[in-house]
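This briefing covers one protein chain, shown below. The points after the lead are grouped by topic.

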Amino acid sequence: MKALITGASSGIGRDMARSLSRRGADLVLVARRVDRLERLKAELDTDVQIMGADLSQSQICFDLYDQLKGQGVDIVINNAGFGLFGAFDQTDLERELEMIDTNIRAVHILTKLFLRDFVKQDRGYLLNVASSAAFLPGPLLSTYYASKSYVLRLTEAVYEELRRRGSHVGISVLCPGPVQTEFNDVADCRFSVKGLSSQRVAEYAVRKMLHKDLVIVPGGLMKATQFAERFFSEKMLLRMCYHMQKRKLRP
């Protein structure tokens, strides 16, 4: 078993690498911060290949696939991504476009390219990391929420296409709520509720991915929240989400 994990230098990506290594998987770990990947490699017992890459650049995504397409990768975890907090008319456009390229274009490219190989082989696992944000509108984190909604809906659509043709390829989407990672620092905000540990989320995600679950939602609170959303109007959800997001402002 060989797994490619993007955004593997910290948080959920790093802990999924640990989880899969414990299961005996060889790993290809991709992130911008090579020094962190080197430290992670040193603690793992399976074979680990590390690659420094900025996946916001589409050509690098194609190059990554070209380097790996003959290496027997059978698990792809698209985890790289980040957020940006603030009112839509005030946030930096270039940073948002970089987010769209990382959160959407890179996921789209790598999913499509590796999926084609997996379909030919009739085996393999794809896990796209979205967020509980994918289920909601996101005032003050609008571009991030929209990007994660794209990841959720793309994954669901591909799942149904595979199911209808009787494929044995698994595709899943991880939709966690707040997780104790570096997200806050990058997005320049703070969570309004206590997050789950990235170790717990990663272990749960890997287990559910290997079981070929479609939508993976860790934690009872997020499951209950997702269920409750259906009882509110869209405008009510917008007001509630804005109030919740505003609490994320750093003091």
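**Briefing on the predicted model**

Valine 73 sits in the loop that runs between α3 (58-68) and β4 (75-78); helices (H or I, at least four residues) and strands (E, at least two) are DSSP runs, numbered from the N terminus. The model is predicted, and local features need pLDDT of at least 70, side-chain atom pairs count only at pLDDT 80 or more, and totals for chains, interfaces and linings use all residues. Residues are numbered from 1 along each chain as its sequence is written, and side-chain values use heavy atoms, with hydrogens and water left out.

**Chain overview**

- The chain contains nine helices and nine strands.
- Of the 251 residues in the chain, 52% are buried; buried means under 20% relative accessible area, exposed over 50%, and partly exposed in between (1.4 Å probe, protein chains only).
- Taking contacts between residues at least 6 apart in sequence, 65% join residues at least 24 apart, where contact means heavy atoms within 4.5 Å.

**Valine 73**

- Valine 73 has 6% relative accessibility and counts as buried.
- In sequence, valine 73 and lysine 2 are 71 residues apart, yet their C-alpha atoms are 5.0 Å apart in space.
- Leaving out residues up to four places away in sequence, valine 73 touches Lys2, Leu4, Leu68, Phe114 and Phe118.

**Salt bridges**

- The whole structure has 15 salt bridges, a salt bridge being a side-chain nitrogen of Lys or Arg within 4 Å of a carboxyl oxygen of Asp or Glu.
- Arginine 18 forms a salt bridge with aspartate 15, at 2.8 Å from N to O. Both residues belong to helix α1 (residues 11-22), three residues apart, and are separated by about one helical turn.
- Aspartate 15 is buried, at a relative accessible area of 4%, whereas arginine 18 is partly exposed, at 21%.
- A salt bridge also joins arginine 18 to glutamate 43, at 2.7 Å from N to O. Arginine 18 is in helix α1 and glutamate 43 is in helix α2 (residues 34-43), so this pair ties together parts that are 25 residues apart in sequence.
- Glutamate 43 is partly exposed, with a relative accessible area of 42%.
- In helix α4 (residues 93-121), aspartate 101 and arginine 105 are four residues apart, or about one helical turn. Their side chains meet in a salt bridge at 3.4 Å, N to O.
- Aspartate 101 is partly exposed at 23% relative accessibility, and arginine 105 is partly exposed with a relative accessible area of 41%.
- An α-helix has 3.6 residues a turn, so residues three or four places apart point the same way.
- A network of salt bridges links Arg32, Asp54, Arg95 and Glu98.

- Helix α5 (residues 142-164) has 23 residues and reaches 33 Å from its first C-alpha to its last, close to the 33 Å expected at 1.5 Å a residue; the expected span is 1.5 Å times one less than the number of residues.
- Buried residues of α5 include Tyr145, Leu152, Thr155 and Val158.
- Glycine 166 follows α5 and has a positive phi, near 70°.
- The axes of α4 and α5 come within 9 Å and cross at roughly 10°. That makes α4 roughly parallel to α5. Axes are lines fitted to C-alpha atoms, for helices over the stretch in contact, and angles run from 0 to 180 degrees between N-to-C directions. Angles under 35 degrees count as roughly parallel, over 145 as roughly antiparallel, 65 to 115 as roughly perpendicular and the rest as oblique.
- Residues of α4 in this contact include Ile100, Ile104, Val107 and Leu115, and those of α5 include Tyr144, Val151, Leu154 and Leu162.

- Ser198, Val201, Ala202, Tyr204, Ala205, Val206 and Met209 are buried in α7.
- Lysine 212 follows α7 and has a positive phi, near 65°.
- The axes of α1 and α7 (residues 198-210) come within 8 Å and cross at roughly 55°. α1 and α7 are therefore oblique to each other.
- The contact involves Gly11, Ile12, Asp15, Met16, Ser19, Leu20 and Arg22 of α1, and Ser198, Gln199, Val201, Ala202, Glu203, Ala205 and Val206 of α7.
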